[in-house]
Amino acid sequence: MSVLDLARAELRGIRPYVPGAYEPRMIRLNANESPWRSPGDTSDRGLNVYPPPRPTVLQAKLAEYYGIEQKQILVTRGSSEAIDVLIRGFCTAGKDKILICPPTFDMYRLYASIQNAGIVRVPLLVERNFALDVDNILKALRGELSYFDKKRNRTVGIQPSKTVVWMRPRGLHLSQSGVFGGETMSASLFDVARVWHGIEPAALKHPFSVYIPKSESAEEGLWWRDLFQALARARGLPADYIKCMALVEAHPLAYQFEEFAYHLREHCLGLNLGRWDYMASLIHFTLEQPEWVLPDRNTIPHNVPFFQRVRERLADVCHKRGILAIGGMTALYPSREDPELNARALAVMAQDKKNEADCLMDGAWTGHPDQNEIAVQQFPYPNQLDRRPALDDPHLDLRPLPTGVGTKTLAGTRAAARTVIRYRNGVLNGRGASLLDGYMEDLATDRIYRLMIAQRMRHHAATRIVDDSGKPIPHTPALVTSIFDEELDRILRELSSMKDPGTPETFRRARAVSEAMIRRGAFDPV
C-alpha cells in the first residue's frame, strides 16, 4: 500500500502547484512575486521575491541520511504547517478522525477542528511518566503479554491457565476531559469502553472481567450493571457476558454489601476488602470525633474490631449470595536481602491470612510472589462458599471504637510525617507505590497517615500522645509544622544512604505539599 492510498480521494487527481523556476533578476508573477521593490529595500535579491520554495540541499542531506528518495521527505516551516498539511490531506471533513494522546501539542486539536475531523483522545498516564499502556492491557487480555527475565535470560509470557486477567478502570469519583470538547465524562466509562473497543471477545481466554474500584454506594452497582449490559448488547453477546469483582474501599459501602451484590447479581463473582483504603475512608468519616483518634498505624493489630466486623459481614453477605469474599493485603513486605525482616514479614502475613480464613473469607491479595504459597495454605481449598459466620446479629456495628489497642506516640507521628514526605517524593519522581522501611506504601496508606496526623492536630486538647519518656505532647499545628521540618532535615542528611529517587528539591516540595494537603483537608481518594 502507498501512503497516497490513505489520502483523500478527491485530492489524488488534483494537479499539484508547481512554482515558477527561479532565475536571477527575474520576477515570477505566477509565483505571486511583486514586480516592485518596497521603498528602502537595498537587499541584493530584493524582498519582493521569494526564496527557493524547497530546501533542496536539506532534503538531499536527509534523503542520504535515511536512505530514501528525496521526494519521500516532507519538509515544512515548523511542525504546525506539517500538522495542517497532513490533516487536510488525509482527513475527510465530518468523516475521518485523528488520535492524540494528551497532554500534547494543541495544534493537532486546532487543525482537526478547522478541518471538521473527529478527535479521539487517549490520555497519557501521568503516574507512569506519561506512558501509554493500552497495548499492554489488550495484550494481557489476549494472553500475549510477555517480559524479558534478565536473571534467567529468557522471554516469559502468560501461560495458558484458568487465571482471570482483570481490567481495572478508574472509579466513578473521577472524570475524563478532552473527549467531548470542553465537557467531561466518566473516567470509568472512558477506560472500560476504550479497552472493550480494542478486544475481540472470542479471542479472550475467559469472559471480559472488570475489577471495580472505589464504589461508595449500592446505586453505583446499578450504573455498572447498565454499562456491562449495554456493551454486551452492542456486540450481540448475552447480557451477563461481562463479569466483575468489586473492591470494598469506602466505609459507606460496608452498610450496603447486599444491595450492591444484588444489583450486580448477573455479573459479580465476589467482593474484595481493600483494607487500607477502607481504613482511610473510616478515619475520614470519623475525623470530627476525638474518640476515633487512632493509635500509631503499625501498632494497630490486623484483627482490630473495626476490621474484624467488616470481614465477618462481608463473608456472610457474599456466601449468602454465592459469591467469593476476598481479603486484603499485608503491608509488611518480605525481603530477599534481609533474612530477619523476611521471616517476620512472612510470619505476620501467615497470621493475617489465617485470621481472614477463620472469618470464612475465600482468599486474599498478596503483593509479593514469596507470599503466595504461605497465603494459599491458610485458606481451605477451593473456597468456603458453603459456610457462613455464626453471627448473633447480621447487622453488626461497623464503627466499634478503637479502644485498648496500639499506642499513640510522638514517634508514631514522626514516622507518619516521614513516610508521607518520602511517598510524595516518589510520586513527584514518577513512582506510584513505594517500598519504605519494609512496608509497601501507596496512596491509601499515605491517606491514612495524613488523616492520622490531622486527627491528632484537630483533637490535640482531648488526645493523649506521649514521647519516649511518657510525657504528653499536645499536637498543635505549630508542633506538626516543626515535625515536618525536622523529618525533612533528617531525610536530607540521610539521603546518600537511601534508595529513594529524586533530589533535595523534590523532597522539599514533597514536604510542603504534604503538610498543605493536611492543613486544607485534602483527603478525598483521588
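A charge is said to sit over a ring if NZ of Lys or CZ of Arg is within 6 Å of the ring centre and within 35 degrees of the ring normal. The structure examined here is a predicted model, in which local features need pLDDT of at least 70 and side-chain atom pairs count only at pLDDT 80 or more, while totals for chains, interfaces and linings use all residues. Residues are numbered from 1 along each chain as its sequence is written, and side-chain values use heavy atoms, with hydrogens and water left out.

Two arginines meet the criterion for a charge over a ring: Arg235 lies over the face of Trp196, at 5.0 Å from the ring centre, and Arg265 lies over the face of Tyr262, at 4.0 Å from the ring centre. Contacts between rings were also searched, where rings of Phe, Tyr and Trp (its six-membered ring) pair if their centres lie within 6.5 Å, with planes under 30 degrees apart counted as stacked, over 60 as edge-to-face and the rest as tilted. Across the whole structure, 11 aromatic pairs are found. In one of them, Tyr65 and Tyr66 are arranged edge-to-face, with 5.0 Å from centre to centre and 90 degrees between the planes. In another, the ring centres of Trp196 and Tyr241 are 6.1 Å apart and the planes stand at 55 degrees, so this pair is tilted. The latter pair links distant parts of the chain, since Trp196 belongs to helix H6 (residues 187-197) and Tyr241 to the loop between helix H7 (219-234) and strand E8 (243-248), 45 residues apart; helices (H or I, at least four residues) and strands (E, at least two) are DSSP runs, numbered from the N terminus.

Burial was assigned from relative accessible area (buried under 20%, exposed over 50%, partly exposed in between, with a 1.4 Å probe and protein chains only). By this scale Trp196 and Tyr241 are both buried, whereas Tyr65 and Tyr66 are both exposed. Arg509, in helix H16 (residues 504-519), is exposed with a relative accessible area of 51%. Glu258, found in helix H8 (residues 257-263), is buried with a value of 16%. Leaving aside neighbours within four places in sequence, Glu258 is in contact (heavy atoms within 4.5 Å) with Arg313, Val317, Lys320 and Arg321.

The interior was then described through nonpolar cores, each a set of buried Ala, Val, Leu, Ile, Met, Phe, Trp, Tyr and Cys residues joined through side-chain atoms within 4.5 Å. The largest of these has 89 residues, and those with the most contacts inside it are Phe208, Leu271, Met279, Phe306 and Leu314. Helix H14 (residues 443-458) supplies the largest share of this core, with 8 residues. When neighbours within four places in sequence are set aside, Met279 is in contact with Leu294, Ile300, Phe306, Phe307 and Ile448. A second, separate core of 9 residues includes Ile83, Ile87, Ile98 and Ile100.

Helix H9 (residues 275-285) has 9 of its 11 residues buried, so this helix is largely enclosed by the rest of the structure. The buried residues of H9 include Trp276 and Met279, and what covers them includes E8, strand E9 (268-273), helix H10 (305-320), helix H11 (339-358) and H14. Trp276 also takes part in a cluster, in which ring pairs link Trp276, Trp292, Phe306 and Phe307. Between Arg509 and Trp276 there are 233 residues of separation in sequence and 25 Å in space, C-alpha to C-alpha.
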